[in-house]
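Please examine the sequence and the structure shown below. The report that follows describes how two chains meet and one part of the surface.

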Amino acid sequence: MVKTVWDVLTDYVEGAFCAVASELITADFSPIKDVNSSKGYRFATIINFVGQFRGRILVSCDAATAAKITTNMNFGEAVESLEEQCLYLAEFTNMLGGKITTLLNNSFRGSELRLTPPAMFAGNNLEVQTPAMRSTAYYFEGSLGSVTLEIGVEGA
Amino acid sequence: MNRVLVIDDSPFIYKAVKRALEPDGFEIVGHAQNGKQGLEMIASLRPDIITLDVTMPIMDGLQVAAQLTKSTAACTIMLSAMGDMDLIKKAQGHGIKHFLNKPFQPDDLLGQINEIKREILG
């Protein structure tokens, strides 16, 4: 049976997220069905992939989780500035996006997917939508908090 | 053979490279946050080793790689979140021989540099 982009993503995304979290921030995350709330101060980073088809990877979390992730990335030292926290989270998303697009490129040769530089957002009750694109949300929880990952693909 | 330039838009990667290499006597001579700035810093700082990201604003790593052979004799390690066969082939076409996927461990980076040193020393 020929696998679709969605088949490949479904098989791989949760494992990719947990692998990046483990390798980069030595934190264990597990997939869960849903997160309780998107209220309060939140961070979101978006990386697009473009090539023979295109898509978007959105990673978001609350401020407490963001602080813990960036502290772990920063070798145990708190990342104080908002801008730098956003840049660290963007790199986390970039590494996750890299793993996912590498798999897609190797699974669908000729896709020539490349990541775009990240866009970062932070604010109260932040909600980012992925319109006009088929998308799926994945939720993770671990010792550092909870993280939402949404992937949208167009034209696959 | 110990002057290193980091070309990467992430402050985290700069810090991670610094932490991986400085204890072993390497000097991080600069941090360029995009490819254009990287080419300028290569000309002015004359590094021995370059770590080069792929996804960057203004000028990406492959565009930098295309100009590297003209502008420097430094050895380049492509340090990227992406590692698919097409990308590696394109980078190899620009003379890049060394690749390291992010996230990386300090020993992985040191291993690549030691490999470069072995190649140079024959």
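This report begins with the basis of the model and then turns to the interface and the surface.

## Basis of the model

This is a predicted model, in which local features need pLDDT of at least 70 and side-chain atom pairs count only at pLDDT 80 or more, while totals for chains, interfaces and linings use all residues. Residues are numbered from 1 along each chain as its sequence is written, chains are lettered from A and ligands numbered from 1 in the order in which they are written, and side-chain values use heavy atoms, with hydrogens and water left out.

## The interface between chains A and B

In chain A, 27 residues are in contact with 24 residues of chain B (contact means heavy atoms within 4.5 Å). The two chains bury about 2,200 Å² between them, and carbon and sulfur atoms give 60% of this area. Buried area is the accessible area (1.4 Å probe) that two parts lose on being put together, summed over both. A:Phe75, A:Met95 and A:Arg114 supply 27% of the area that chain A buries against chain B, more than any other three residues.

## Salt bridges

Three salt bridges link chain A and chain B (a side-chain nitrogen of Lys or Arg within 4 Å of a carboxyl oxygen of Asp or Glu). B:Asp86 forms a salt bridge with A:Arg109, with the closest N and O atoms 2.8 Å apart.

## An exposed residue

B:Leu121 lies in helix H5 (residues 106-121) of chain B; helices (H or I, at least four residues) are DSSP runs, numbered from the N terminus. B:Leu121 is exposed, with a relative accessible area of 75% (exposed means over 50%, with a 1.4 Å probe and protein chains only).

Technical notes: Helix = DSSP H or I, 4+ residues; strand = E, 2+ residues; numbered from the N terminus. Buried < 20%, exposed > 50% of the residue type's maximum accessible area, 1.4 Å probe, protein only.
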